[in-house]
Amino acid sequence: MAEGVSGSNRLSFAKPALQHFAKRSCRCGYVRSFSAHANPSHAVRRYAVLGAGFAGLSVAWHLLQHTNAKAPVCVDLFDEEGIGAGASGVSGGLLHPFSPKERAIALDSSITDLTNTQLPIAEPLVWRRGIIRPAFTDNEIQEYKQNMMKHSGIPVELTTISGAQAKMLVPGLTVMANDVVFFMPQAVNINPRRYLQALWHACQTYARDASARGCAETKVVLIREHVQCLSGLPGDYDGVVVCLGAKVNLLPELAGKLPLSSCRGIVANLHLPLESGEELREDMPSILSNTWLAIQGTRRLVLGATRVRGSTELSSVISQNEASRALEELISKTAMIYPPILTWKVTSLSAGVRAIPPRTNVGALPLVGCIDEIVENYLRRNSCAEKNRPHFWLFGGLGSRGLIYHAWLGKKIAEAVVSKDEAILPQELKQWKYRTSVV
């Protein structure tokens with residue numbers, strides 16, 4: 001497991017959001033060989049996973065759980081930039097199940113699966129516990145209260161506190177004493193990069209231990225190569241799972257075929273100067289409002305995020321003009337709810353692009369399913385040679401909810417891929433296939 005992980009601290013609701021993903025430690029190295037070519041045994045099941053963010057690492061982990069001595073599992077994880085280098089790695093890491101804009105189906109299924117068992121986890125993976133969300137209009141208050149009623153059976157507390165109580169938790173918060181503020185004391189702020197690295201370490205460790213237990217050909221390999229097209233993947237795979245987020249449209253087989261839009265966002269890392277003579281309370285929760293503040297310590301926080309919908313800029317490079325506009329927007333919006341932000345200093349900016357799914361009558365849901373038909377239609381139109389091909393699968397459109405969805409859906413996707421049975425996947429998350437032309 002990653003640095004400092006022990007069994008002394010537990011999260012009661014974050015189970016497979018973090019379950020088993022960081023149990024033991026091993027060295028992480030980039031291996032440029034292909035496990036698909038490693039052994040000629042026909043019993044070995046080989047899978048390619050494209051993308052090493054929340055979705056891809058979760059799928060890789062859960063595929064490895066299906067290994068056994070008679071049919072070992074080998075996973076090739078493709079990401080040219082490495083572990084957590086995309087939008088997952090620059091996320092705020094705020095893990096909570098509630099959203100006033102989502103209906104029950106978008107949240108209940110995932111959080112129910114997230115509450116089955118407890119996870120031993122150390123503080124280095126968790127920056128802070130607790131999130132508050134002020135409500136400024138009657139509509140917001142009503143939406144949040146309806147949300148509380150819909151999710152009353154979920155063992156994650158969402159309660160209301162007064163503005164006065166909120167200001168005790170967050171000194172400087174701009175709320176009136178009688179205002180309504182929603183408080184999630186069990187919500188957590190995860191260190192996303194460290195978590196993703198811990199998950200990769202866990203995959204490596206699991207494969208190594210499985211091999212030692214008798215599944216000698218169990219392997220997981222990180223391949224830092226750019227995948228130009230699905231049909232050009234090397235190796236004889238049983239299944240290919242596409243978890244590329246906003247980069248999915250770079251694949252010619254899928255370009256323009258998925259109901260996804262892109263949203264580029266910039267987050268700012270800030271610190272509180274020592275000369276200020278102040279520091280944040282140890283129990284100060286993170287804040288959700290027009291912006292979010294993910295508290296990392298008594299003098300560090302991450303502030304996000306801007307939203308540029310429809311952006312085609314996938315690079316993590318931020319121009320000076322873009323940086324200036326982003327900081328002006330983030331600081332001005334945040335100062336309205338938390339004026340002390342004006343005394344903080346910016347240390348760095350990070351950019352990421354999310355894949356946004358369409359909104360349905362049950363919320364904005366991720367896209368999952370078998371995409372063989374889409375891929376085969378493309379190959380026929382382009383007169384590609386006939387050959388035995390793997391089954392192709394999609395796990396995308398997580399938007400800003402990757403942390404809450406990745407474990408539950410990663411497990412479901414792995415089950416469907418191994419069994420070659422799309423019926424395992426939730427019907428609500430496959431509806432996009434029936435509304436999307438695949439010709």
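Helices, counted as runs of at least four residues, and strands, counted as runs of at least two, are DSSP assignments numbered from the N terminus, and in this numbering K420 is found in the loop between α9 and α10, the latter spanning residues 431-435. The model described here is a predicted one. At K420 the backbone has a positive phi of about 55°, although this residue is not a glycine. A further backbone feature occurs at G304 and A305, which are joined by a cis peptide bond with an omega of about -20°; A305 has its place in the loop between β14 and β15, where β15 comprises residues 308-309.

The mean pLDDT of the protein is 82, with 80% of its residues reaching 70 or more. Among the elements, strand β10 (residues 239-242) has the highest confidence, at 98, whereas strand β1 (residues 10-11) has the lowest, at a mean of 32. Over residues 1-42 the pLDDT stays under 50, and for this stretch the model has 139 contacts beyond four places in sequence. The pLDDT is also below 50 over residues 103-123, a stretch with 71 contacts in the model beyond near neighbours in sequence.

Six strands form an open sheet with mixed pairing, and their order is β9-β3-β2-β10-β20-β19. Because β9 (219-223) and β19 (367-370) stand at the edges and each has a single partner strand, one side of each is left without a neighbour in the sheet. From one strand to the next, the twist averages 15°. In general, strands of a sheet pair through backbone hydrogen bonds, in either a parallel or an antiparallel manner. Strand β3 (residues 73-78) and β9 run parallel and are joined by five bridges, and within this part of the sheet C74 stands opposite K219 in β9.

Two helices are placed against these strands. Helix α2, made up of residues 54-64, lies across β2 (45-50), β3, β9, β10 and β20 (391-396), and it runs at about 170° to β3. Helix α9, made up of residues 402-419, packs on the sheet and touches β2, β10, β19 and β20, with its direction making about 170° with that of β20.

The second largest pocket has a volume of about 240 Å³. Its lining consists of 18 residues, of which G89, W127, N269, Q296 and V302 lie nearest the centre of the pocket. Two or more lining residues are given by each of α6 (192-212), β11 (261-271), β14 (300-304) and β16 (345-356), and β11 gives the most, with four residues. When the lining of this pocket is divided by class, seven residues are nonpolar, nine are polar and two are charged.

Technical notes:
Residues numbered from 1 in each chain as written. Predicted model: local features only at pLDDT ≥ 70, side-chain atom pairs only at ≥ 80, totals over all residues. Heavy atoms only, no water. pLDDT = per-residue confidence, 0-100. Contact = heavy atoms within 4.5 Å. Pairing = 2+ DSSP bridges. Axes fitted to C-alpha atoms, helices over the stretch in contact; angles between N-to-C directions. 1 Å grid on protein atoms, 1.4 Å probe; cavity = no way out; pocket = protein on both sides within 12 Å on 5 of 7 lines; lining within 4 Å. Points joined across faces, edges and corners; volume = space filled by probe spheres on them. Nonpolar A, V, L, I, M, F, W, Y, C, P; charged D, E, K, R; others polar.
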